[in-house]
Amino acid sequence: MRPITALAATLAVAAAGAVGAPAAAAPAPVDLRFDFQCAGNPVAAGFSEVAPGTTYSPERGFGLTTALASNACRDRGTGAREDRDFLLPVDSTRFVADLPDGVYTLVLHTGDAIASSNTGLVANGVTLPSSSPGSGNVVQRTLEDVPVTDGRLEVRFTGSSMRVNALQVLSPIAVPSGLAATVHATATPSVDLGWDAAPDAAGYRVQRADDGGAPARVADLPAGTTSWTDTGVALAHEYVYTVTTVGATGRESEPSEPAEVTVVDPDGAPPSAPEGVTADGATVTWQPVGGAVAYDVYRARAGGFQPTLQERVSGTSWTDESAEPTVSYAYEVAAVGVGGRSERSERVEVPASVELSRQAERVDRSPVAVATDEGVYVGWRLLGDDAYDVAFHVYRDGERITDEPVTDSTNVVDPDGTAGSTYRVSTVDGEIEHWATDELEVWESQTLDVPLQVPDGGTTPDGVAYTYRANDASVGDVDGDGEYEIVLKWDPSNSKDNSQSGHTGNVHVDAYELDGTQLWRVDLGRNIRAGAHYTQFQVYDYDGDGRAEVVMKTADGTVDGEGTVIGNADADHRNSGGYVLGGPEYLTVFDGATGAA
């Protein structure tokens with residue numbers, strides 16, 4: 001390649017021009033390439049060698065300010081010629097090159113074909129942070145907007161394990177100027193673009209932003225092309241165009257000044273808004289509008305949200321293929337003509353065809369009436385699917401005692417109630433009432449006693465007698481009657497902590513109605529040790545059928561609520577210390593109503 005000094009002189013003369021002479025040609029683009037390598041190695045095509053001893057001189061126009069040791073380079077013998085070998089600069093190493101004043105782009109090649117490295121640079125005060133490409137890799141990184149104001153580029157290399165393979169210095173690509181747009185607003189609209197040629201362009205790229213969206217590439221054009229027609233536009237839409245120059249190496253300039261257009265005929269008028277808009281499920285129809293060549297359909301979720309454009313159609317009906325059956329929608333339609341887009345039609349709303357309800361317990365109001373010193377307290381449950389403005393009335397002995405519906409609580413105190421009173425609660429929907437509870441009598445005390453069936457005690461293999469005591473409990477509607485049942489664990493009196501050795505009695509789990517009716521009992525068997533850390537159970541409606549299941553750990557010998565043995569009934573996995581450290585364990589789901597595994 002020719003010396004940099006000759007290139008700089010050529011650019012200076014061209015820029016100066018001469019009085020009365022024709023306008024000077026634009027400066028030639030700068031594309032300087034330096035191959036940092038061991039002296040005498042093959043040089044990549046189009047590159048200039050920079051070896052440890054390549055120091056700067058005005059005649060050369062580039063070089064190191066101070067020579068490196070002759071062995072401050074490595075040749076790996078693999079990869080692209082400019083990347084196979086590299087210099088090993090030190091903190092004081094500077095590389096300089098004479099350049100015309102301007103703003104430049106630097107491309108740095110760094111890395112090592114067999115080892116790790118960490119290299120960056122500072123060029124005329126602009127920093128490219130050091131970066132490690134990983135062992136065995138060579139990468140190219142770009143630093144934009146490097147200024148040269150005194151005719152010289154100075155580069156200082158940075159990093160903890162520097163490898164410099166190559167450096168390119170590139171002048172910016174010229175930005176296209178004079179971008180102009182002409183709109184053809186017809187039934188098949190288009191936009192003509194034209195711009196001034198940029199020097200040394202290898203091609204041009206057109207970007208378009210649609211109706212406030214992000215710019216997107218719409219055309220790549222060859223060198224010498226300075227016009228293009230966009231036939232992919234739509235009437236009444238707004239577009240913003242920019243053009244960039246593509247250089248010979250594939251680099252792209254900054255975008256041109258934008259050209260903004262709206263695809264309408266300024267001498268025309270928009271059509272009228274469509275009338276007669278109706279909806280049958282997801283299909284929207286409307287009456288035709290004179291002067292319309294197409295229609296825009298808008299959709300919003302019902303409830304006043306801003307509608308968004310869904311599709312442009314040529315007919316007078318449209319089916320919403322993306323409508324979700326669980327969502328209520330509102331639709332509006334606008335007519336489109338060469339003069340623009342009409343106002344949108346009146347909104348038509350389409351209710352959801354499927355109403356979802358979340359999985360939840362289907363329990364009753366759980367009403368209770370309790371005698372207190374101030375009268376009778378009456379309370380009931382608010383349900384998850386109650387309306388936000390749900391209201392209630394309360395009756396005593398068949399007579400309503402609430403003058404106005406109760407809206408701010410789910411309880412009242414009846415000062416005139418007695419232990420012999422009978423109560424009932426209703427919900428209020430406008431002028432219509434519905435019974436929400438059955439009749440209920442007054443509790444004499446503020447607790448409910450639930451009678452339990454205590455398991456029989458026994459004796460462990462090591463001769464220790466034990467009895468049973470009620471332990472952990474949970475609640476759930478296990479039989480689907482809307483009322484909670486109690487699931488209760490029975491622990492033997494000799495239950496053990498993990499740190500305690502010794503045999504324990506079997507653990508039992510019962511289910512009870514609130515009146516004490518026992519629904520079932522599960523015997524966890526000898527292979528589930530009794531203690532606070534061994535048995536945790538969950539009561540929950542896992543399958544959403546309205547009845548809670550019971551889930552817990554089981555083992556060989558567990559007997560379910562219907563008498564069926566799980567696993568091996570004869571197995572005994574206890575060791576001499578009473579611990580169960582072997583044998584299978586299971587996670588078992590029990591039917592909440594029957595206790596069947």
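Colleague: What should I know before I start?

Modeller: This is a predicted model, in which local features need pLDDT of at least 70 and side-chain atom pairs count only at pLDDT 80 or more, while totals for chains, interfaces and linings use all residues. Residues are numbered from 1 along each chain as its sequence is written, and side-chain values use heavy atoms, with hydrogens and water left out.

Colleague: Let's begin with strands. How many residues of strand 15 are buried?

Modeller: Two ideas first. Strands are DSSP runs of E with at least two residues, numbered from the N terminus. Buried means under 20% relative accessible area, exposed means over 50%, and partly exposed lies in between (1.4 Å probe, protein chains only). In this structure, strand 15 (residues 203-210) is mostly covered, with seven of its eight residues buried.

Colleague: Which strands does strand 15 run antiparallel to?

Modeller: Two strands pair if DSSP finds at least two bridges between them. Strand 15 is joined to strand 16 (residues 216-222) by six bridges, and G203 stands opposite P222 there. Eight bridges link strand 15 to strand 18 (residues 238-246), where R205 faces T244. Both pairings are antiparallel.

Colleague: What happens between strand 15 and strand 16?

Modeller: They form a hairpin with five residues between the strands, and D211 takes a positive phi near 45° in it.

Colleague: Where else can I look for a positive phi?

Modeller: D145 sits in strand 10 (residues 138-148) and counts as exposed because its relative accessibility is 58%. S366 is another non-glycine residue with a positive phi, about 45°. S366 belongs to the loop between strand 27 (348-350) and strand 28 (368-372), and its relative accessible area of 35% makes it partly exposed.

Colleague: How do I read a whole sheet?

Modeller: Four strands form an open antiparallel sheet in the order 38-39-40-41. Strand 38 (468-476) and strand 41 (518-523) are its edges, each pairing on one side only. The twist averages 20° from one strand to the next; for such angles, axes are lines fitted to C-alpha atoms, for helices over the stretch in contact, and values run from 0 to 180 degrees between N-to-C directions. Within this sheet, strand 40 (residues 508-512) pairs with strand 41 over five bridges, and Y512 stands opposite Q518.

Colleague: What is the strand order in the open sheet of three strands?

Modeller: The order is 42-43-44, with antiparallel pairing. The edge strands are strand 42 (538-540) and strand 44 (585-590). Neighbouring strands are turned by 25° against each other on average, direction ignored. Strand 42 and strand 43 (residues 549-555) share three bridges, and V539 stands opposite V550.

Colleague: Which residues does N498 touch?

Modeller: Contact means heavy atoms within 4.5 Å. N498 lies in the loop between strand 39 (485-492) and strand 40, and it counts as partly exposed because its relative accessible area is 40%. N498 touches H533, Y534 and Y579, not counting residues up to four places away in sequence. By contrast, the C-alpha atoms of N498 and S48, 450 residues apart along the chain, are separated by 78 Å.
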